[in-house]
Amino acid sequence: QNRRIVMVSLITITMLFLYFTYERNKIWQDELTLWKDVQQKSPNKARANLNLGLAYVEKNRAEEAITYLKKALYLYEQLRNEGKYVKSTGISLCLRLLGNAYLQKGEYEKAIGYLNNALKESSINAAGDVKTYHLLGQAYAKRLQAQEAVFYFSKALQLSQNFYNVPWMNKTVAEVRRFLQKANFLLEAQRKRQILLNQKNN
């Protein structure tokens, strides 16, 4: 009788363990589900909102990203206003991701504003600033402002030389070079067009 009770208890415990493992694996299946779970449990933690916003940006779900990134930015600024130490890298990343989200939405003016604020917040030429310059170049390229695009893509490449050992840098540099090539092509086309217009007017 006792042996049967022990066996039933062990089977029950095993089934419960398997169930909770299954549920946990559903949460940990990707970054989005993971940070959704974290944010739901800690809705007023800046880092939880920031990372959930990042996960949405990586899924190209800009509208949802903006909601959580703005909340993260508010929470960071609230901590700073209370006199608590807040790393500028967290705020800078938040601003850069907001710029990225607005770039995805096609709202280039807002994107440029957030990205410039990200650079001001960083002010130390960190590795992440390479991505910020890259995004600024993309925003200006979308607005067909080729000269500005070339400037920021070039800034990204110049700064990247200080961070050759950062794991993601090679991939980013390759992307920047492709965008810079296109921006230079656009700039040259605009210059030729302007020359033709000047000749026509003369």
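Helices are DSSP runs of H or I with at least four residues, numbered from the N terminus. By that rule, Asp-37 belongs to helix α2, which covers residues 31–41. The legends below describe close-up views of a predicted model.

**Figure 1. Overall make-up of the predicted model.** The protein contains 9 helices and 0 strands. Along the sequence, its elements follow the pattern α-α-α-α-α-α-α-α-α. Of the 202 residues in the protein, 38% are buried. When contacts between residues at least 6 apart in sequence are considered, 54% of them join residues at least 24 apart.

Figure 2. Asp-37 counts as buried because its relative accessibility is 12%, and the cut-off for buried is under 20%. The side chain of Asp-37 makes a polar contact with the side chain of Lys-41, at 3.1 Å.

**Figure 3. Packing of helix α3 against helix α5.** Helix α3 spans residues 46–58, and its axis lies 10 Å from that of α5, at a packing angle of about 30°. The two helices are therefore roughly parallel to each other, as angles under 35 degrees are classed in this way. The crossing of α3 and α5 is left-handed. On the α3 side, the contact is made by Leu-50, Leu-54 and Val-57. On the α5 side, it is made by Gly-90, Leu-93, Cys-94, Leu-97, Asn-100, Ala-101 and Gln-104.

**Figure 4. Packing of helix α4 against helix α5.** The axes of α4 and α5 come within 9 Å and cross at roughly 155°. That angle makes α4 roughly antiparallel to α5, since the class takes in angles over 145 degrees. The crossing of α4 and α5 is left-handed. Residues of α4 that make the contact include Ala-62, Ile-66, Leu-69, Leu-73, Tyr-76 and Arg-80. Contributors from α5 include Ser-88, Ile-91, Leu-95, Leu-98, Tyr-102 and Lys-105. Gly-90, Cys-94, Leu-97, Ala-101 and Gln-104 of α5 are also among the residues in this contact, and these residues take part in the contact with α3 as well.

**Figure 5. Helix α6 and its buried residues.** Helix α6 (residues 108–122) has 15 residues. From its first C-alpha to its last, α6 reaches 21 Å, close to the 21 Å expected at 1.5 Å a residue. The buried residues of the helix are Ala-111, Ile-112, Tyr-114, Leu-115, Ala-118, Leu-119, Glu-121 and Ser-122. These buried residues pack against α4 (62–81), α5 (88–105) and α7 (128–142). Ser-123 follows α6 and has a positive phi, near 55°.

**Figure 6. Thr-132 in helix α7.** Thr-132 is located in helix α7. With a relative accessible area of 0%, Thr-132 is buried. Neighbours within four places in sequence being left aside, Thr-132 is in contact with Arg-96, Leu-115, Ala-118 and Leu-119.

**Figure 7. Tyr-133 in helix α7.** Tyr-133 also lies in helix α7. Its relative accessibility is 10%, so Tyr-133 counts as buried. Residues up to four places away in sequence being excluded, Tyr-133 touches Leu-119, Asn-125, Tyr-152, Phe-153, Lys-155, Ala-156 and Leu-159. Tyr-133 and Asn-116 are 17 residues apart in sequence, and their C-alpha atoms are 8.9 Å apart in space.

**Figure 8. Two loop residues with positive phi.** Asn-60 is situated in the loop between α3 and α4. Although Asn-60 is not a glycine, its phi is positive, at about 60°. Asn-60 counts as exposed because its relative accessibility is 58%, and the cut-off for exposed is over 50%. Leu-144 is placed in the loop between α7 and α8 (146–160). Phi of Leu-144 is near 60°, which is a positive value in a residue other than glycine. With a relative accessible area of 53%, Leu-144 is exposed.

Methods. Residues are numbered from 1 along each chain as its sequence is written. This is a predicted model: local features need pLDDT of at least 70, side-chain atom pairs count only at pLDDT 80 or more; totals for chains, interfaces and linings use all residues. Side-chain values use heavy atoms; hydrogens and water are left out. The expected span of a helix is 1.5 Å times one less than its number of residues. Buried means under 20% relative accessible area, exposed over 50%, partly exposed in between (1.4 Å probe, protein chains only). Contact means heavy atoms within 4.5 Å. A polar contact is a pair of N or O atoms within 3.5 Å; within protein, one must be able to donate a hydrogen and the other to accept it, and residues adjacent in sequence count only if both atoms are side-chain atoms. Axes are lines fitted to C-alpha atoms, for helices over the stretch in contact, and angles run from 0 to 180 degrees between N-to-C directions. Angles under 35 degrees count as roughly parallel, over 145 as roughly antiparallel, 65 to 115 as roughly perpendicular and the rest as oblique. A crossing is left-handed if the near helix is turned anticlockwise from the far one by less than a right angle, and right-handed if clockwise.
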